[in-house]
Amino acid sequence: MHVIGVGRDVFEINKKIAERNRRTFDESGVLAINFMGAVGSGKTAMIEALHKKLKGCRIAAIAGDIVSDLDANRLKKLGIPVVGVNTGKECHLDAHLVEHALDDFNLKDLDILFIENVGNLICPVDFDLGTQLNVTIVSVSEGDDTVEKHPMIFASSDAAVINKIDIAEAVDADADKMRKDALHINPGLKVFLTSIRKDNGIDDFADWIRNKKDEGKRRKG
Ligand SMILES: Nc1nc2c(ncn2[C@@H]2O[C@H](COP(=O)(O)OP(=O)(O)OP(=O)(O)O)[C@@H](O)[C@H]2O)c(=O)[nH]1
Ligand SMILES: [Mg+2]
């Protein structure tokens, strides 16, 4: 009997396209960052905030959503070049969708490409987009057990952002516990505690991104 391994094929094809995307980003000197995270954790708000902080960097965004163009329009309003990608019923972006969206950018004119994935902490884990960095954003309002309940996404991230610390007390959440949980899962993780609302911790996160961009440019020569 011949069994068709559909699942495996999908992952293998995605991996190949992701490698192609990574080469494209490296060759164009673009730092691409995959922002994963729970619904409403602050992914779009973080791109808006970073746009203000990363003055002098030429940034653009891909906004992934299941159906709407609300996030894409928020970013467009700020003058950020953006491509909205609707995934329909799919709960994650994939490398092919990103590759397709790249047609709408002149990558040579960009320094940083933010890719906002579809909001959840599960599906995006299996789909490498070819970005050089993966960042997971959660907020204290999801509960301070959110990190330990979703180890896979933190294990496959370069940085974690614990956002909305301004309301931690109000929602009875321990942001430091979340930080420790993230480091327990992945000791190599860079963790940022932030409040976009109060502009706390965003400068550190922006500096980390800027350093990664400069490292990439130096490597390219
Ligand atoms: N109190 C507080 N609210 C915040 C903070 N950051 C974002 N928000 C609010 O949280 C809500 C969701 O923010 P978004 O940036 O839309 O979240 P998202 O992760 O992009 O959401 P989806 O795209 O729907 O998954 C908005 O009402 C923001 O104003 C923060 O640091 N503190
Ligand atoms: Mg959003």
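## Loop, sheet and ligand shell

Asp172 lies in the loop between strand E6 and helix H7. The model is predicted. Phi of Asp172 is near 55°, a positive value in a residue other than glycine. Most residues other than glycine have a negative phi. Is Asp172 buried or exposed? Asp172 counts as exposed, because it has 9 C-beta neighbours inside 10 Å, and the cut-off for exposed is 12 or fewer.

Lys164 has its place in the loop between E6 and helix H7 (175–185). Phi of Lys164 is near 65°, again a positive value in a residue other than glycine. Lys164 has 26 C-beta neighbours inside 10 Å, so it counts as buried. The cut-off for buried is 20 or more.

**The sheet**

Seven strands form an open sheet. Their order is E3-E2-E4-E1-E5-E6-E7, and the pairing is parallel. Which strands stand at the edges? They are E3 (82–86) and E7 (190–193). Each has a single partner strand, so one side of each is left without a neighbour in the sheet. From one strand to the next, the twist averages 20°.

Strands of a sheet pair through backbone hydrogen bonds.

| Pair | Sense | Bridges | Residues opposite each other |
|---|---|---|---|
| E6 and E7 | parallel | four bridges | Val161 and Phe192 |

How many residues of E5 are buried? Seven of its seven are, and E5 is mostly covered. Both faces of E5 are covered. Leu133, Val135, Ile137 and Ser139 are buried on one side. Asn134, Thr136 and Val138 are buried on the other.

Where do the buried residues of H2 sit around the axis? In helix H2 (residues 43–53), the buried residues are Lys43, Thr44, Met46, Ile47 and Leu50. They cover an arc of only 155° around the axis, which puts them on the same side of H2.

Helix H4 (residues 95–102) can be read in a similar way. Ala95, Leu97, Val98, Ala101 and Leu102 are buried in H4. Their arc around the axis is only 160°, so they are on the same side of H4.

**The shell around ligand 1**

How many residues surround ligand 1? There are 17, and the closest are Lys43, Thr44, Ala45, Gly119 and Arg197. H2 gives the most to this shell, with three residues. Lys43 and Thr44 are among the buried residues of H2, and both are among the closest to ligand 1. By class, the residues of the shell divide into four nonpolar, eight polar and five charged.

Methods: Residues numbered from 1 in each chain as written. Chains lettered and ligands numbered in written order. Predicted model: local features only at pLDDT ≥ 70, side-chain atom pairs only at ≥ 80, totals over all residues. Pairing = 2+ DSSP bridges. Helix = DSSP H or I, 4+ residues; strand = E, 2+ residues; numbered from the N terminus. Axes fitted to C-alpha atoms, helices over the stretch in contact; angles between N-to-C directions. Arc of directions from axis to C-beta. Near = placed C-beta within 6 Å. Nonpolar A, V, L, I, M, F, W, Y, C, P; charged D, E, K, R; others polar.
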